[in-house]
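Work through the exercises below with the model open beside you, and try each task before reading its solution.

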Amino acid sequence: GTLLIQSGGVLTNAAATIADGHGFSTGTATVTGVGSLWTSNGLLTVGNVGLGALGIEQGGTVTSVGGSIGGTFGRVTVTDLGSRWNTAGQLTVGDSGAGTLTIQAGGAVTSLGALIANSPGSVGNATVTDVGTSWTNASGTFVIGGSGTGTLTVQNGAMFSQEGDLVIGQSSSGTLS
């Protein structure tokens, strides 16, 4: 399945999942262009059962109550100045599978609590790169390596801001570089 929100398009839903099939499914969503908005009034899950990808680019915005990347395989890229993913809840990268979050070229993510590599055997990788790019965890605990292997890389002048506790390696392996 493919979803494209562009040129100021707006989509609002209860909860949403990209790639949630029995067996193995593939799903891709792209939110692109200034004024393009996807609002999920519940959890936004990317790659729950299958391979899921979400791209937020060229000033697009996604808002959700929370986010989960990688129940099986999930990838989210937030790129370009003005592109944003705002979660009003916890953001998990590598929930029970493999999850990747890349924030680059002026993109921004805000969360209220974050967990990289949630479950045993999960792998979560988050990269915040380039000047003008940011990840702000406005409240709650930020865990890198919950019960799986988690990595957060902040580089090339990007900004990571954590308002609550920061835990690296809670029950497993965590790396912050």
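**Exercise 1: the setting of one threonine**

T133 lies in the loop that connects β11 (123–129) with β12 (134–144), where strands are DSSP runs of E with at least two residues and are numbered from the N terminus. The model is a predicted one, in which local features need pLDDT of at least 70, side-chain atom pairs count only at pLDDT 80 or more, and totals for chains, interfaces and linings use all residues. Residues are numbered from 1 along each chain as its sequence is written, and side-chain values use heavy atoms, with hydrogens and water left out.

Task: decide whether T133 counts as buried or exposed, and find which residues T133 touches.

Solution. Begin with accessibility: T133 counts as buried because its relative accessibility is 2%, the limits being under 20% for buried and over 50% for exposed, with partly exposed in between (1.4 Å probe, protein chains only). Next, look at the side chain of T133, which reaches the backbone oxygen of T129 at 3.0 Å. Finally, leaving out residues up to four places away in sequence, T133 touches I103, Q104, A105, G106, G107, V128, A158 and M159, a contact being heavy atoms within 4.5 Å.

**Exercise 2: the whole chain**

How values were computed:
Helices (H or I, at least four residues) and strands (E, at least two) are DSSP runs, numbered from the N terminus. A polar contact is a pair of N or O atoms within 3.5 Å; within protein, one must be able to donate a hydrogen and the other to accept it, and residues adjacent in sequence count only if both atoms are side-chain atoms.
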